[in-house]
Amino acid sequence: MKPSTRKAVIFGRGSWSERRRLADILRLETVGGALLLAAAVVALIWANSPWSASYEAVRGYEVGPAALHLHLPLGVWAADGLLAIFFFVAGLELKREFVAGDLREPSRAVVPIAAAAGGVLIPALIYTMVNRGDAAALRGWAIPTATDIAFALAVLAVVGRNLPSALRTFLLTLAVVDDLIAIVIIAVVYTQQLLVVPLLAALAPLVLFGLLVQRRCRSAWLLVPLAFATWALVHASGVHATVAGVLLAFAVPVRPRNGRPDDDDPGLAGHFEHRLRPLSAGFAVPVFALLTAGVTIGGLSGLTDALTSGVSVGITVGLVLGKTIGVLLATALVARFTAAKLDEGLAWADVLGLAMLAGIGFTVSLLIGELSFGPGTETAAHATIAVLAGSVCAAMLAAIVLRIRDRAYRRIAEIEAVDTDHDGIPDVYVLRDDHIS
């Protein structure tokens, strides 16, 4: 008699400590998503109002020390400076997951990594096919490859109150891995002029920052100037300054001296993440959206022209269809060619809704759009409109699917509550996912 082989689980619940920590993150990112949406709406209304000139004046207002070549418009400060905080937090989360979280186990890490890779590859291929032959438009191939954490989690929080927590955890992990892929693309593809001297000089404050945090230093008066110096030198080198945020995050140790992070000692990475995530979700990302999403539409004819350009079609189709196909196909391939299977009680319809939700590519997509075509250009405006339209369309389609699934899970919960009242024992394993409709 052959021994039974236990299969790996896709969308497993994870450890209790990880579920508790991620629940706190999800609450903050959900609030941040609401602020992000509000900022984007304000930007669009402002840019298309009689006061549109004031919007451009605010976005173009220059501040900063000219001696350090940092006398920059507010729009650039938002994209290069505030988003560095966002990527620092994303880098901390990614390192923590792979060093001390559930994703340190290869069987758990393979699914979100594969899903994120599929969600990057297919949208990029679709965009390239739509814009083949147009060399200028092809610079934007990476725009539909990103997934916005805050926006997607906000939608999930509204329509999926009864969905399993494992789906939220998976979406968060997928989006964080997606951000890492995005920062690699930004560093490699969108570095137009590389100055070696400032880049090498950035190693000095970065190494000193790393030495201090390895000694568990938490003094802001030491660490913040070193982080700023690293950011400024990376910015001067021609590499996009948000790369500095990820490099600094990877230097921070995850594990406390006494072992694995826990509630009593979350480790230095957990400490920094706890301090900076509210700043990232509640201020940095919404302000970036406010200073980036405001494009002049130009009435119905202008909107039609913007949405029918090759760049816009490639972005919209890439986000709505490409992300869905990429995430769903990659997950299915992992299940097909490995010993993995869906967790008990989940169905492939849940994966479909989550894959659609990954098509919300707001913050990083807007950033890549500006890097691809230059801020203030007509093509960049078309890209911004397409990102907004594609993200909203993906959110609406995902909301429909996930709302149906949410109602199914709510019915199961009600039936289980009746079973518990009937015999005093929760009948958890009676209903399987093939009973969910």
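**Reading a predicted chain**

Of the chain's 437 residues, 51% count as buried. This is a predicted model, where local features need pLDDT of at least 70, side-chain atom pairs count only at pLDDT 80 or more, and totals for chains, interfaces and linings use all residues. Residues are numbered from 1 along each chain as its sequence is written, and side-chain values use heavy atoms, with hydrogens and water left out.

Reader: Why is Thr-242 called buried?
Author: Buried means under 20% relative accessible area, with a 1.4 Å probe and protein chains only. Thr-242 has 0% relative accessibility, so it counts as buried.

Reader: What makes the link between Thr-242 and His-240 a polar contact?
Author: A polar contact is a pair of N or O atoms within 3.5 Å; within protein, one must be able to donate a hydrogen and the other to accept it. The side chains of Thr-242 and His-240 are joined at 2.7 Å.

Reader: Which residues is Thr-242 in contact with, leaving aside neighbours within four places in sequence?
Author: Contact means heavy atoms within 4.5 Å. Among the partners of Thr-242 are Ala-79, Asp-80 and Phe-87.

Reader: What describes the packing of helix α4 and helix α13?
Author: Two packed helices are described by the angle between their axes and the distance between the axes. Axes are lines fitted to C-alpha atoms over the stretch in contact, and angles run from 0 to 180 degrees between N-to-C directions. For α4 (residues 106-130) and α13 (residues 310-337), the angle is about 145 degrees and the axes are 6 Å apart. Their contact involves 18 nonpolar residues, eight polar and one charged. Ala, Val, Leu, Ile, Met, Phe, Trp, Tyr, Cys and Pro count as nonpolar, Asp, Glu, Lys and Arg as charged, and the others, Gly among them, as polar.

Terms used
Buried means under 20% relative accessible area, exposed over 50%, partly exposed in between (1.4 Å probe, protein chains only). Helices (H or I, at least four residues) and strands (E, at least two) are DSSP runs, numbered from the N terminus.
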